[in-house]
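Please have the sequence and the 3D view open as you read.

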Amino acid sequence: MKKILLLVLVTMASLQSKAQESSPSLFKGMQMIGGDMSYYSTSNKQAGNGNTFTDSKFHLTPKYGYMISNNWSIGTGIGYSSDVIKSTTVNGSSPGYTSEHKTTTGNFGINPYVNYYHKLTDKLYYSLSGELEFNSGSIKTNNTSTYINPITGLPSISNSTLKGNTSEIGIGITPGLTYFMNNHWAANINLGILQYSSTTTKYDDNIPKNIYNYFYFDYNLTHANLGVNYFFSCRGKKVLTH
């Protein structure tokens, strides 16, 4: 992720010299179409026992926005997110026993938002976004247990699968930077998030539903979202002022 962010910053700097003739100016009535995406993956392997854990997250959200003033915009996004968690436990309950767990979640959601823009330089804006999240989707958990008989050496394998649904309601505040590369195109990066979410999971079998409420705060580039937006006006007013 850090290499991707570095590439984005270098690209922005290289394009700056191509748009020196004018400076971007946001104004009431301007519209925006675009979106953002992120990918995050972490893994861990414990030394000595072979236990492993991996978590891969992906999200993509196309967005539309409308400037209600020179600094404020409102809009909405329609997004998709996925999360795949895998874990392996070796000799968890007894020697020769291995268990593998895989949980896959996929959600679609609607994300209305409000943005505030503050101009820092001719091409760079600081942004602060408040967003609501309404997500729903499916969840699937696969469990595989393997036992190697120490006498015969033969494996005994058992499998189970649980399927269900998930729903999430959340609210978050996200700071970021928006950089205009030319007359209409801008790249943005989110620098962190303060978020509250409530997630409900209900499997199809006779398992009680689980409700998980949490606060989350992160202010670094580890989980940064990258986006590209196209700004335009339908009133004949130029996006850029000289």
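How many nonpolar, polar and charged residues does the lining of the largest cavity have, by class? The lining has six nonpolar, three polar and no charged residues. Here Ala, Val, Leu, Ile, Met, Phe, Trp, Tyr, Cys and Pro count as nonpolar, Asp, Glu, Lys and Arg as charged, and the others, Gly among them, as polar.

A word on the ground rules: this is a predicted model, where local features need pLDDT of at least 70 and side-chain atom pairs count only at pLDDT 80 or more, while totals for chains, interfaces and linings use all residues. Residues are numbered from 1 along each chain as its sequence is written, and side-chain values use heavy atoms, with hydrogens and water left out.

**The cavity.** A cavity is a set of points on a 1 Å grid over the protein atoms alone where a 1.4 Å probe fits but cannot get out, and lining residues have an atom within 4 Å of a point. The count comes to two cavities of 30 Å³ or more, and the largest has a volume of about 40 Å³. Among its lining residues are Met32, Tyr66, Ser73, Asn115 and Phe231. Strands S3 and S5 (97-119) each supply at least two residues of this lining; strands are DSSP runs of E with at least two residues, numbered from the N terminus.

**The salt bridges.** Four salt bridges are found in the whole structure, each a side-chain nitrogen of Lys or Arg within 4 Å of a carboxyl oxygen of Asp or Glu. Three of them are listed here.

| Pair | N to O distance |
|---|---|
| Lys63 and Asp36 | 3.0 Å |
| Lys57 and Asp83 | 2.8 Å |
| Glu131 and Lys63 | 3.5 Å |

Glu131 sits in strand S6 (residues 124-148) and Lys63 in strand S3, 68 residues apart. Shared partners join Asp36, Lys63 and Glu131 into one network.

**The surface.** Ile33, Tyr64, Tyr66, Ile68, Trp72, Ile74 and Val114 make a nonpolar patch of about 590 Å². Patch residues have over 30% relative accessible area and no salt bridge, with nonpolar side chains joined within 5 Å; the areas come from the Shrake-Rupley method with a 1.4 Å probe. Ile33, in strand S2 (residues 31-45), is partly exposed at 42%.

Technical notes:
Patch = residues over 30% accessible without salt bridge, like charges linked within 9 Å, V, L, I, M, F, W, Y side chains within 5 Å. Helix = DSSP H or I, 4+ residues; strand = E, 2+ residues; numbered from the N terminus. Buried < 20%, exposed > 50% of the residue type's maximum accessible area, 1.4 Å probe, protein only. 1 Å grid on protein atoms, 1.4 Å probe; cavity = no way out; pocket = protein on both sides within 12 Å on 5 of 7 lines; lining within 4 Å. Points joined across faces, edges and corners; volume = space filled by probe spheres on them.
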